[in-house]
Amino acid sequence: MLSNIGNSILFISAFLSISIIYLANKNLKVSNNLIIKNIYQLSLIQSTLIIVCFFTLIAAFIVSDFSLVTVYQNSHSMKPVFYKIAGTWGNHEGSLLLWVIILTIFSFLFLIYNKDHPKKFRLLTLIIQNILILGFLFFILFNSNPFSSLSPTPSEGLGLNPILQDPALAIHPPLLYVGFVGSSIYFSAAIASLIVNYSEKSFSSSIKNWVLISWCFQTLGILVGSIWAYYELGWGGFWFWDPVENASLLPWFAMTALLHSLIVFEKRNLFYFWVIILCLITFILSVTGTFLVRSGILNSVHTFASDPTRGVYILLFLSLMIFSSIYLLFKKYKKENYNLNQNSKETFILINNWFMMFYLITVLLGTIYPIFTDALTDNKISVGPPFYNAIIFPIVVIFLIFMAVGPKVKWIKNKFEDIKVYFLILAGSIILNALILVFIKSYSILSNFIIISALFLIISSLKDGVSAIQKNKFDLARIISHTSFGFLVLFIGLNHIFSIERDYNIKVGETKNFENYSIKLEKLDLKDFPNYKAVIGTLEINNNFSNEKNILKPEIRIYDNPKTLTYEASIKTNLLKDYYLTMSNIDRSDYYNIKFQKKPLMIWIWISVVMIVAGGFLRLFKNAKYS
Amino acid sequence: MRNTVKIIIFVIFFFVISVFYISLTRDVNYNTSSLINKEVPQFKIAYFDKNEFYTKQDLIKNNYTLINFWASWCGPCRVEHPVLMKLSAENNLDILGVNFKDKKELARKFLKDLGNPYNSLLKDVEGKQSVIFGIYGIPESVIINNKNTIIKKFVGPLSLDDYKEIKEMIK
């Protein structure tokens, strides 16, 4: 029943897409500046239907309708309702449906919110967006259909990977998809703008809010994924340079570059083609990321079952996108003459873009290099954190300094104010860093540079803030985002430098001492939960220096469906530090292996990212209010 | 000049997509089934305690070799350790332990606490050599005969059933 409803809606949506393309194409030839009503209506119906379709799938998950293959494979009647719902997008088929929802809704919203732009441009954007929608709908219908039915209906489902039963992970994909898929709308707009030669400044106002929205959600999605990895994967890190994590980072770099170069385009009508290229590669990178994850040619913690035909389809789609973009770009490209002054804001924003491109290329190479060596030389290699850390971190130092100075530089003029002030701030940063060195602990030269440059960015952004308040000329959004980015790098640096990690085998009643801490395993409890059993350890951690006592309760969980053992970290967070403890059993012995970590300022890393995003949203609200 | 740039860009993208396509049609890196009944590839893994290397040629000396990839930080490795201890009593089988991305002292302590089932102990600090055997997560084990053919690969901790199966294999 649900299967029929879902399938019918999918077919109708595909038909609607074709109709919209047809009508829009017909309407293109009419030479007034009005888009016919039918197109709005069809777009609205299309968005509504797709949402209904998604709710149908959610309903199937809630009532555990195992006649649907997707539900059977990814759900279980014993599972809590929240995770049944999250299961809808926790699998390949369902998440593709989420893709189409975002494509469709963005398409509709773009249509109704850009009424001041030329009709041809809007219609063409709509047509291209609908071609994308159609492509994904066909993919869903003929390859990855969430509504495929199964007969006879199994009595019980196969369950969901217990590691995926986590609130952070339930909201991680939707957030990330708004970012990933949201970039489709400015891909379509960029192509449309190339075709109709819509290269005026006003083009930027048609896309800038969409870039902001996708950037904010992409950042949040990356943050939530990283929080999940920290809590769930049990080794205390929050970024692993895993290929799939990288796949979400690649479009982020492109979006960040785009966000900044749009400012120049809007203000000075420069960089048009560069903006277009960034619009194109953002979405191309999003689809490339999807291809890498879903085709199974990369292996990572994101274990989606791999099916080569999926890969072929996405690859075909990707190639079409890439080659048509390149073709159009070559055809329309005109050499732009920049004539920038060395010390103007334009130059600094261009420098920001170079950095972003540098990071993008580094991460892209690291991610796809193993695929190349494997395919071309049969040589299997893995590119890990040492590569990224060695290349990215030293460059961050210079990047932060440009980031601190850039916003204060004037447009057009070759003038640089306040050099003295910057020297003072730099001196202040060096002194602060020296204080940390002297009073707490010494660290490597590179770490010194990173801490100093992060402090430099923070102080100069704050100083900007203060003087802006005085002059009442206030770019709060930028100041919040930039200051928070400085804090982010600072906290990551301090966290890295001051972490403590210890590994012990311990049995009940035993105490281990190290530095000024002691850890005691007080007791073990066995508890039954609805879909798993857990061995819960109670450990007391004493800081003998400050007499602070903490009880941590790491768990070993035994899930029923599928039968899996997972180790749950116990984490005590406060404003200064996290205690992070995992426990695993040692067969046929009373000993348990515990891994204790002290991670300073952890919570501030998350807060910094939230604040970076807050800056983005603030800018969005301002834009909305202004327009 | 502009045309050359265009052609180069086009070729680069074409190349990337072709490589993606080739990768799609190939066996997945860590698909264990592709390794079975194949000859062991060339490898060179350092000994844990001395400055020498264990290579493919050393394998021929044994009737059967079980290569076990483990680390002290790996919980399931502790679970399978008793099975390895039991296997170490088998005469027909040499057990080769590859200590995977681990710290030396911790690895030593692990073996001191739980016993050392290995005839030879090697280390793969960066995890690069293990990739040859398609090792992704540990513990994983590979069993090889004296013709250097991989007979079976075990992903995840060895169980008592695996123990019986291995015993049967090396009879």
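Trainee: Which residues in H2(A) meet which residues in H5(A)?

Mentor: In this predicted model, the H2(A) side consists of A:Tyr40, A:Ser43, A:Leu44, A:Gln46, A:Ser47, A:Ile50, A:Ile51, A:Cys53, A:Phe54 and A:Leu57. They meet A:Gly94, A:Leu97, A:Val100, A:Ile101, A:Thr104, A:Ile105, A:Ser107, A:Phe108, A:Leu111 and A:Ile112 in H5(A).

Trainee: And how do the residues of that contact divide into nonpolar, polar and charged?

Mentor: The contact of H2(A) with H5(A) has 14 nonpolar residues, 6 polar and no charged.

Trainee: At what angle do the two axes cross?

Mentor: The axes of helix H2 (residues 37–62) and helix H5 (residues 92–113) of chain A cross at roughly 155° and come within 9 Å. Angles over 145 degrees count as roughly antiparallel, and H2(A) and H5(A) are therefore roughly antiparallel to each other.

Trainee: Is the crossing left-handed or right-handed?

Mentor: H2(A) passes H5(A) in a left-handed crossing.

Trainee: Moving to domains, what does the assignment give for chain A?

Mentor: The domain assignment gives domain 1 (1–158), domain 2 (166–358), domain 3 (389–499) and domain 4 (500–603). The centres of domain 1 and domain 2 of chain A, taken over C-alpha atoms, are separated by 22 Å. Their contact takes 27 residues from domain 1 of chain A and 26 residues from domain 2 of chain A.

Trainee: Which elements give two or more residues to the domain 1 side?

Mentor: On the side of domain 1 of chain A that touches domain 2, these elements are helix H4 (81–86), H5 and helix H6 (119–142) of chain A. The residues of that side divide into 16 nonpolar, 10 polar and 1 charged.

Trainee: What about the two chains; how many residues does each give to the contact?

Mentor: Chain A gives 29 residues and chain B gives 28 residues. Helix H11 (308–332), helix H12 (345–377) and strand S1 (500–506) of chain A each supply at least two residues of the chain A side. H11(A) gives the most, with 8 residues. That side of chain A divides into 14 nonpolar, 10 polar and 5 charged residues.

Trainee: S1 again. Where does S1 stand in its sheet?

Mentor: The sheet in chain A is open, with 4 strands in the order S1-S10-S9-S8 and antiparallel pairing. S1 and strand S8 (570–573) of chain A stand at the edges with a single partner strand each, so one side of each is left without a neighbour in the sheet. The twist averages 15° from one strand to the next.

Trainee: Over how many bridges do S1(A) and strand S10 pair?

Mentor: S1(A) and strand S10 (residues 592–600) of chain A pair over 7 bridges, in the antiparallel sense. A:Glu501 stands opposite A:Gln597 in S10(A).

Technical notes. Residues numbered from 1 in each chain as written. Chains lettered and ligands numbered in written order. Predicted model: local features only at pLDDT ≥ 70, side-chain atom pairs only at ≥ 80, totals over all residues. Axes fitted to C-alpha atoms, helices over the stretch in contact; angles between N-to-C directions. Parallel < 35°, antiparallel > 145°, perpendicular 65-115°, else oblique. Left-handed = near helix turned anticlockwise from the far one by under 90°. Contact = placed C-beta atoms within 7 Å. Nonpolar A, V, L, I, M, F, W, Y, C, P; charged D, E, K, R; others polar. Pairing = 2+ DSSP bridges. Domains from an automatic or database assignment.
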